[in-house]
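Student: I would like to go through the labels given to this chain and ask what stands behind each of them.

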Amino acid sequence: MLRSDLTALLAQRRDNDVVVDVDGIRVPVVGVTYCGLGDQIVLKLDGDELAGALAAAADEEPS
């Protein structure tokens with residue numbers, strides 16, 4: 001499957017079927033684009049959701 005096809009498929013999903021796992025906490029993807037320059041699929045995350053996941057992961061780390 002071409003990366004551009006995969007990007008198009010992922011971009012349609014708005015029902016939390018595509019998420020990013022941040023240390024066991026799922027962060028929803030809010031956008032998907034393709035960067036031909038780096039030949040990369042780029043996932044856009046909600047900043048507040050990501051900050052919450054990172055804070056929760058930091059709280060769980062032993063001191």
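Predicted model: local features only at pLDDT ≥ 70, side-chain atom pairs only at ≥ 80, totals over all residues.

Student: Why are S1 and S2 called paired strands?
Tutor: Pairing requires at least two bridges found by DSSP. Strand S1 (residues 19–22) and strand S2 (residues 25–35) are joined by 4 bridges, so they meet the definition of a pair. The two strands run antiparallel.

Student: What lies between the strands of the two hairpins?
Tutor: The hairpin of S1 and S2 has 2 residues between its strands. In the hairpin of S2 and S3 there are 4 residues between the strands, and Asp39 takes a positive phi near 50°.

Student: What makes the phi of Asp23 worth a remark?
Tutor: Asp23 sits in the loop between S1 and S2. Its phi is near 50°, a positive value in a residue other than glycine.

Student: Why is Asp23 called exposed?
Tutor: The relative accessibility of Asp23 is 52%. The cut-off for exposed is over 50%, so Asp23 is counted as exposed.

Student: Why is Val22 called buried?
Tutor: Val22 belongs to strand S1. Its relative accessibility is 13%, and buried means under 20%; therefore Val22 counts as buried. Along the chain Val22 and Leu50 are 28 residues apart, yet their C-alpha atoms are separated by 8.0 Å.

Student: Why is Val20 not given the label buried?
Tutor: Val20 is also found in strand S1. Its value is 22%, whereas buried requires under 20% and exposed requires over 50%. Val20 falls in between, so it is called partly exposed. From Val20 to Leu45, 25 residues away in sequence, the C-alpha to C-alpha distance is 8.3 Å.

Student: How do you know that Thr33 is partly exposed?
Tutor: Thr33, in strand S2, has a relative accessibility of 46%. That value lies between the 20% and 50% limits, so the label is partly exposed. Thr33 and Lys44 are 11 residues apart in sequence, with 8.0 Å between their C-alpha atoms.

Student: Which label does Leu54 get, and why?
Tutor: Leu54 lies in helix H2, with a relative accessibility of 47%. Exposed would need over 50% and buried under 20%, so Leu54 is partly exposed. The C-alpha atoms of Leu54 and Asp23 are 8.0 Å apart, although 31 residues separate the two in sequence.

Student: Why is Glu60 called exposed?
Tutor: Glu60 is placed in helix H2 (residues 47–60). The relative accessible area of Glu60 is 58%, and exposed means over 50%, so the label applies.

Student: What makes Asp21, Asp23, Asp59 and Glu60 a patch of negative charge?
Tutor: Asp and Glu count as negative, and a patch joins like charges within 9 Å, taking residues with over 30% relative accessible area and no salt bridge. The four residues named gather in such a patch on the surface. For two of them the area can be checked here: Asp23 at 52% and Glu60 at 58% both pass the 30% limit.

Student: How much of the protein chain gets the label buried?
Tutor: Of its 63 residues, 17% count as buried, by the cut-off of under 20% relative accessible area.

How values were computed
Residues numbered from 1 in each chain as written. Heavy atoms only, no water. Patch = residues over 30% accessible without salt bridge, like charges linked within 9 Å, V, L, I, M, F, W, Y side chains within 5 Å. Areas by Shrake-Rupley, 256 points an atom, 1.4 Å probe, with all protein chains shown as cover. Salt bridge = Lys/Arg side-chain N within 4 Å of Asp/Glu carboxyl O. Charge placed at Lys NZ, Arg CZ, Asp CG, Glu CD. Buried < 20%, exposed > 50% of the residue type's maximum accessible area, 1.4 Å probe, protein only.
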